[in-house]
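User: I'm new to reading protein structures and would like to learn it feature by feature. Can we go through one together?

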Amino acid sequence: MAELVARELDVPPEDIMLLRHSSESVKKLLATGGTVEDYTYTQPTGSAYDYHHPDKTPIKVVVVIVRDRVYGVFKVLGVEREGTTYSLTSAAHRRFDIERGKPPRPAKRFSMLPVHTAYADLTVQGWEGRSRTAVQRSDGSFFLEIVVAPPIDPEGSEALQEQLDRRLQAALTDTPAQRRQRLMLAPKLPRKISVATVAFVRNADVIAEVLLRAAGKCESCFASAPFFRRTDHSPYLEVHHRIRLADGGEDTVANAIALCPNCHRREHYA
């Protein structure tokens, strides 16, 4: 995993830290109104989490893992200020520390920048049975064993689209300055990843019956098909399963409907 991120951001693996936040801790953190970012940006001085530990190679990139998924990748721009874990964090984070019995400790608040990554939200493997080991550097015992698993997507590229939609919503809430800063650091050409896909062998007779039943009109908005296929000049409609095959839906005429592309998108994303 670290090698993939290293190639993506053009940094050596020894400059990368893999930081896995405890699922239980994140649950408590969010319940107090805290954020994963606040939890990530402030770290106790001299601890394993210190990105500028005096005895270790400075960390330039942090891969944050939450609930065994890549939450995000952050560039460490430097130390913003120093103080304690109470003085450098939000009131919500202080409540979180108090509730878990953590006294104030000397700490550093780092200036960090979220960066675009093709690996956001992918499942992380290799940390199983090592729940007490939250940090891995390049000299860690299983640093190279941690990998990201491609999504299993029974509906084509829908999982990747859902990931993009979530990142889009987050980007829309950021300031223009934050987006411009990330854009300056983002690669101009998109990265490629291999996606493991489970495909259903669909019944052509079901598709034919549904298209013939529709007679060229969308069965949702009742508008005519938006164009004709180049191959046979038939009206272009898409056959959609009311209950998705991935959710145990049947590949039957009764469970299928012919939709125009616009209505089909609406069924999936509205």
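User: Let's talk salt bridges. How many salt bridges does the structure hold?

Analyst: Keep in mind that this is a predicted model. The idea is to look for a Lys or Arg side-chain nitrogen within 4 Å of a carboxyl oxygen of Asp or Glu. In this model you'll find nine salt bridges. One of them joins Asp38 and Arg109, whose closest N and O atoms are 2.4 Å apart. Asp38 belongs to helix α3 (residues 36–41) and Arg109 to strand β5, so this pair ties together parts 71 residues apart in sequence.

User: Is that pair buried or exposed?

Analyst: To decide, check the relative accessible area: under 20% is buried, over 50% is exposed, and anything in between is partly exposed. Asp38 has 7%, so it is buried. Arg109 has 14%, so it is buried too.

User: What about the salt bridge of Asp97 and Arg100?

Analyst: Their side chains meet at 2.8 Å, N to O. Asp97 is buried, at 1% relative accessibility, whereas Arg100 is partly exposed at 28%. Now try Arg213 and Glu219, where the closest N and O atoms are 2.9 Å apart. Arg213 comes out as partly exposed at 39%, and Glu219 is partly exposed at 22%.

User: Next, helices. Which residues of helix α4 are buried?

Analyst: With a helix, you can look down its axis and ask where the buried residues point. In α4 (residues 91–99), the buried ones are Ala92, His93, Phe96 and Asp97. Seen down the axis, they fall within an arc of 140 degrees, so they line one face of the helix. On the other side of α4, Ile98 and Glu99 are exposed.

User: What covers the buried residues of α4?

Analyst: The cover includes α2 (23–31) and α3. While you're there, look just after α4: Gly101 takes a positive phi of about 75 degrees.

User: And how do I read a nonpolar core?

Analyst: In soluble globular proteins, nonpolar side chains tend to be buried together. Here the largest nonpolar core has 23 residues, and Met1, Val5, Ile16, Leu18, Val63 and Val73 touch the most other members. At least two residues of this core come from each of α1 (2–9), β1 (16–21), β3 (61–66), β4 (69–84) and β5 (106–115). The largest share, four residues, is supplied by α1. Another core lies apart from it, with 15 residues, including Val26, Tyr41, Val64 and Phe74.

User: Which residues does Leu18 touch?

Analyst: Leaving out residues up to four places away in sequence, Leu18 touches Met1, Val63, Trp127, Ala134, Val135, Gln136, Phe143 and Ile146.

User: Where does Gln43 lie, and is Gln43 buried or exposed?

Analyst: Gln43 sits in strand β2 (residues 42–44). It is buried, with a relative accessible area of 5%. For a polar side chain, check what its polar atoms lie beside. A polar atom of the Gln43 side chain is 3.0 Å from the backbone oxygen of Thr40.

User: Last one: strands. In what sense do β9 and β10 pair?

Analyst: For strands, ask who the partner is and what lies on each face. β9 (residues 238–241) pairs with β10 in the antiparallel sense, over four bridges. Glu238 stands opposite Leu259 in β10. Both faces of β10 (residues 256–259) are covered: Ala256 and Ala258 are buried on one side, Ile257 and Leu259 on the other.

Note on methods:
Residues numbered from 1 in each chain as written. Predicted model: local features only at pLDDT ≥ 70, side-chain atom pairs only at ≥ 80, totals over all residues. Heavy atoms only, no water. Core = buried A, V, L, I, M, F, W, Y, C linked by side-chain atoms within 4.5 Å. Buried < 20%, exposed > 50% of the residue type's maximum accessible area, 1.4 Å probe, protein only. Contact = heavy atoms within 4.5 Å. Pairing = 2+ DSSP bridges. Polar contact = N/O pair within 3.5 Å; in protein donor to acceptor, adjacent residues only side chain to side chain. Arc of directions from axis to C-beta.
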